[in-house]
Every structure is written in C-alpha cells, then in structure tokens.
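Morning, everyone. I have one structure to walk through today, and I'll keep it short. Have a look at it first.

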Amino acid sequence: MLETLVGLFIAAAVSGIVPVVSAELLVLGAAAALPAVLLPAVVAISTTGQMLTKTWLFALARWAPQRLPERGRRSLDRAGSALARRGGAVSTVVFASAAVGLPPFYGVSLASGVLGMRLRTFLVSGSAGRCVRFAFLAWLGHHLGPAAVGMLADASTALGTGAWS
C-alpha cells in the first residue's frame, strides 16, 4: 500500500507538468485498488503532488515578467490592475480551473504567477479545487472499480488528451 501511495505522489507531481501523464487515471486506479479507509490519503497525496508542480509553474511565471521588455510589463500591469478591481474573481477562476479543468489549470497556474496573484491565494484556491476534483474521482474509482478507470481512459483517448489537467 505504501508503494502505491508514494508512486501516486510522484506520478501526480509529474502529471502537473507533463500533460500526457494522467493524474485522474492514477487517482481512479489507486482508489479502485486500495481500501476505502485510504481514500482521504489518495486525495491528499494526489492534491499535494499536483500543487507542488503547479506552484513551481506559478513561481516560474512570477519570476519571468521581470525579464520581459518594458512594453510587455506595462501590458501585464494593466491586466493585473483590471483583475484586482474584480476582487475574488481571480481566485474563483483558479478554483474552477483546478476543480473542473477548464480553463486548463496548467495555463491558469502560469497566468496567476504572471499577473502577480498572491501565493497564499493561489495555494488555497488551487488546492481546494484539486481536492474536490480528486475526491470525486477517488469516490468514483472506489465505487465503480476498474470500470471507472476504463471509462476515463476511453474518454481521455477519444479527446486526444492525457485527461484534463
């Protein structure tokens, strides 16, 4: 069991930056294979692995604007000011992206860093969204077993994606 959970953490982290590795399939498979008492661990471990790499992307994007030409920095400042006037809209987009996958959380992580979102806000909104996403998938994997893994794998293949990270 421990090796399954450690493998899930590593694979979830990798899937945060390599879109063809599907954290969703991994969560479904782990939930189908492990006892129900470990479902909260599956959710927590996969959320932590994903947020580790999404936070790395966020930080990289936060660092990058200082390397942009002056015109690019001015555009980013205007976009950041427009978003700041909307209050909690940015954290809502981060939460929705992390939970549903639209817009893709990879891009939202980068945009959040570029636009200067506070790290704490990004971590709370993103972690909550990923937790909701992975909790649903763990529940589905546990209750439907291997059939759930097959259904998501088929849908993922039909869409031509790793799943929807």
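Start with helix α1, residues 2-15, in this predicted model. Helix α1 has 14 residues. From first C-alpha to last, α1 reaches 20 Å, close to the 20 Å expected at 1.5 Å a residue.

Which residues of α1 are buried? They are Leu5, Leu8, Ala11, Ala12, Ala13 and Ser15. An α-helix has 3.6 residues a turn, so residues three or four places apart point the same way. Keep that in mind as you look at the list. The cover over the buried residues of α1 includes α2 (23-33) and α3 (39-63).

Now step back to the whole chain. The protein has 8 helices and 0 strands. Along the sequence, the pattern reads α-α-α-α-α-α-α-α. Of the 165 residues, 39% are buried. Take the contacts with a separation of 6 or more: 78% of them join residues 24 or more positions apart.

Next, two helix pairs. On the α3 side we have Met51, Lys54, Leu57, Phe58, Ala61 and Arg62. They meet Phe105, Tyr106, Ser109, Leu110, Ser112, Gly113 and Val114 in α6. By class, this contact of α3 with α6 divides into 8 nonpolar, 3 polar and 2 charged residues.

The second pair is α5, residues 89-100, and α7, residues 119-144. Here the axes come within 7 Å and cross at roughly 30 degrees. That angle falls under 35 degrees, so α5 and α7 are roughly parallel to each other. α5 passes α7 in a right-handed crossing. α5 brings Ser91, Val94, Phe95, Ser97, Ala98, Ala99 and Val100 to the contact. α7 brings Thr121, Phe122, Ser125, Gly126, Ala128, Gly129, Arg130, Val132 and Arg133. The contact of α5 with α7 has 8 nonpolar, 6 polar and 2 charged residues.

Last, one residue from that contact. Serine 91 sits in helix α5. What does serine 91 touch, leaving out residues up to four places away in sequence? Met117, Thr121 and Ser125. Then there is serine 112, 21 residues from serine 91 along the chain. The C-alpha atoms of these two serines are separated by 9.1 Å.

That's my tour. Over to you.

Key: Residues are numbered from 1 along each chain as its sequence is written. This is a predicted model: local features need pLDDT of at least 70, side-chain atom pairs count only at pLDDT 80 or more; totals for chains, interfaces and linings use all residues. Side-chain values use heavy atoms; hydrogens and water are left out. Helices (H or I, at least four residues) and strands (E, at least two) are DSSP runs, numbered from the N terminus. The expected span of a helix is 1.5 Å times one less than its number of residues. Buried means under 20% relative accessible area, exposed over 50%, partly exposed in between (1.4 Å probe, protein chains only). Contact means heavy atoms within 4.5 Å. Axes are lines fitted to C-alpha atoms, for helices over the stretch in contact, and angles run from 0 to 180 degrees between N-to-C directions. Angles under 35 degrees count as roughly parallel, over 145 as roughly antiparallel, 65 to 115 as roughly perpendicular and the rest as oblique. A crossing is left-handed if the near helix is turned anticlockwise from the far one by less than a right angle, and right-handed if clockwise. Ala, Val, Leu, Ile, Met, Phe, Trp, Tyr, Cys and Pro count as nonpolar, Asp, Glu, Lys and Arg as charged, and the others, Gly among them, as polar.
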